[in-house]
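Student: Could you walk me through reading some features of a protein model? I would like the general idea before each case.

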Amino acid sequence: MAASCMFTVAAPFAASSSSNSARRSRRFGVVSMASVGQKVYAPGVAVSEGNGGLPKISLKSPQGSEAEIYLFGGCVTSWKVPSGKDLLFVRPDAVFNGQKPISGGIPHCFPQFGPGAIQQHGFARNVNWSITDSEVTEGDPAVTLELKDDSYSRSMWDFSFHALYKVTLHSTSLSTTLTIINTDDKPFSFNSALHTYFSASIAGVSVKGLKGSKTLNKDPDPKNPLEGKEEREEVTFPGFVDCVYLGAPSELTLDNGLGDKIVISNTNWSDAVLWNPHLQMEACYKDFVCVENAKIETVQLGPKESWVAEQKIELI
């Protein structure tokens with residue numbers, strides 16, 4: 001039987017009226033466990049204290065799969081299949097202090113992908129989300145997080161919005177649904193991505209399904225990407241890779257080099273990004289690969305309009 005709850009976690013920061021001073025004066029803090037730990041959630045959904053004292057949501061399925069999501073950044077940091085193997089990767093330099101984005105798992109990029117007018121990859125990965133609902137359907141637990149504009153976000157991006165992020169755990173897959181709603185009285189535009197880090201042995205990694213896609217290759221000059229077309233059946237990672245694939249297929253297959261094959265499918269994420277930093281992160285580049293669903297083309301939303309994109313990552 002499904003159960004649900006609704007409550008809000010207060011944002012842990014304040015911003016001044018000036019855009020620049022707001023960015024400088026932002027105060028960071030940890031969401032109080034007392035505000036989230038005493039609530040009643042659906043079966044298979046629990047909240048506990050995670051790394052750095054940050055609230056962490058745990059999802060557990062009857063089949064033995066597990067997932068962890070931090071409210072800070074609305075970031076999924078772990079996805080374990082019934083064997084106990086974690087198919088996601090968190091970098092060893094990741095910090096859990098509520099002051100910078102969590103480096104690993106599935107970070108959000110919103111309302112900007114990459115560098116631009118505001119902070120790198122936008123602010124959604126660098127603020128606290130709140131839990132708005134939890135449920136279980138046929139044994140599969142799910143939690144829905146939300147993020148709304150406030151003085152901090154508006155100091156950089158002066159629009160009212162409402163973001164909902166539903167994470168559902170299945171026996172051998174993890175599904176996410178991101179909904180962006182324009183609650184302003186004027187239109188706005190944005191880009192978005194799920195910057196997913198997969199555990200890997202990079203020498204054996206390959207990605208299938210991108211042949212024929214238009215490419216924007218950021219190697220060697222990220223500021224002036226080279227346009228091209230992917231001709232390979234399998235993309236491998238012999239060195240530094242940072243490439244955008246425009247109009248990518250809705251399904252890709254990742255061989256993580258560790259004996260696992262993962263299908264990455266999506267609805268309405270029209271593009272893909274492959275990234276491995278190679279020697280720029282010598283301590284860990286061999287242990288992960290990023291295969292990202294993205295919306296590089298600008299999304300335009302009028303007042304009260306919404307945009308929805310779904311992702312499913314499944315062990316096959």
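Predicted model: local features only at pLDDT ≥ 70, side-chain atom pairs only at ≥ 80, totals over all residues.

Student: Are Phe110 and Trp157 buried or exposed?

Tutor: Both Phe110 and Trp157 are buried.

Student: How many aromatic pairs does the structure hold?

Tutor: Rings of Phe, Tyr and Trp (its six-membered ring) pair if their centres lie within 6.5 Å; planes under 30 degrees apart are stacked, over 60 edge-to-face, and the rest tilted. The structure holds 19 such aromatic pairs. One of them joins Phe110 and Trp157, which are edge-to-face, with 5.6 Å centre to centre and 75 degrees between the planes. To place these two, note that helices (H or I, at least four residues) and strands (E, at least two) are DSSP runs numbered from the N terminus. Phe110 sits in the loop between strand E5 (108-109) and strand E6 (130-137), and Trp157 in the loop between helix H2 (151-156) and strand E8 (161-169), so the pair links distant parts of the chain, 47 residues apart.

Student: Why does the pair of Tyr197 and Phe288 count as tilted?

Tutor: Their ring centres are 5.2 Å apart and the planes stand at 40 degrees, so the pair is tilted. Because Tyr197 lies in strand E11 (residues 197-199) and Phe288 in strand E20 (residues 288-301), the pair ties together parts 91 residues apart in sequence. Tyr197 counts as buried at 5% relative accessibility, and Phe288 is buried with a relative accessible area of 0%.

Student: Which residues do ring pairs link into a cluster?

Tutor: The cluster consists of Phe110, Phe123, Trp157, Phe159, Phe161, Phe188, Phe190, Trp269 and Trp307.

Student: How should I read a sheet, and in which order do the strands of the open one run?

Tutor: Two strands pair if DSSP finds at least two bridges between them. Here four strands form an open sheet, ordered E1-E2-E3-E4, with antiparallel pairing. Strand E1 (45-49) and strand E4 (75-80) are the edge strands, each pairing on one side only. Five bridges join E1 to strand E2 (residues 55-60), and Val47 stands opposite Ile57 in E2.

Student: What is the volume of the largest pocket?

Tutor: On a 1 Å grid over the protein atoms alone, a pocket is an open set of points with protein on both sides within 12 Å along at least five of seven lines, whereas a cavity is a set where a 1.4 Å probe fits but cannot get out; lining residues have an atom within 4 Å of a point. Grid points are joined across faces, edges and corners, and a volume is the space filled by probe spheres set on the points. The largest pocket has a volume of about 690 Å³. Of its 27 lining residues, Gly114, Pro115, Gln120, His121 and Lys218 are the closest to the centre.

Student: And how many cavities of 30 Å³ or more are there?

Tutor: The structure holds two.

Key
Residues numbered from 1 in each chain as written. Heavy atoms only, no water. Buried < 20%, exposed > 50% of the residue type's maximum accessible area, 1.4 Å probe, protein only.
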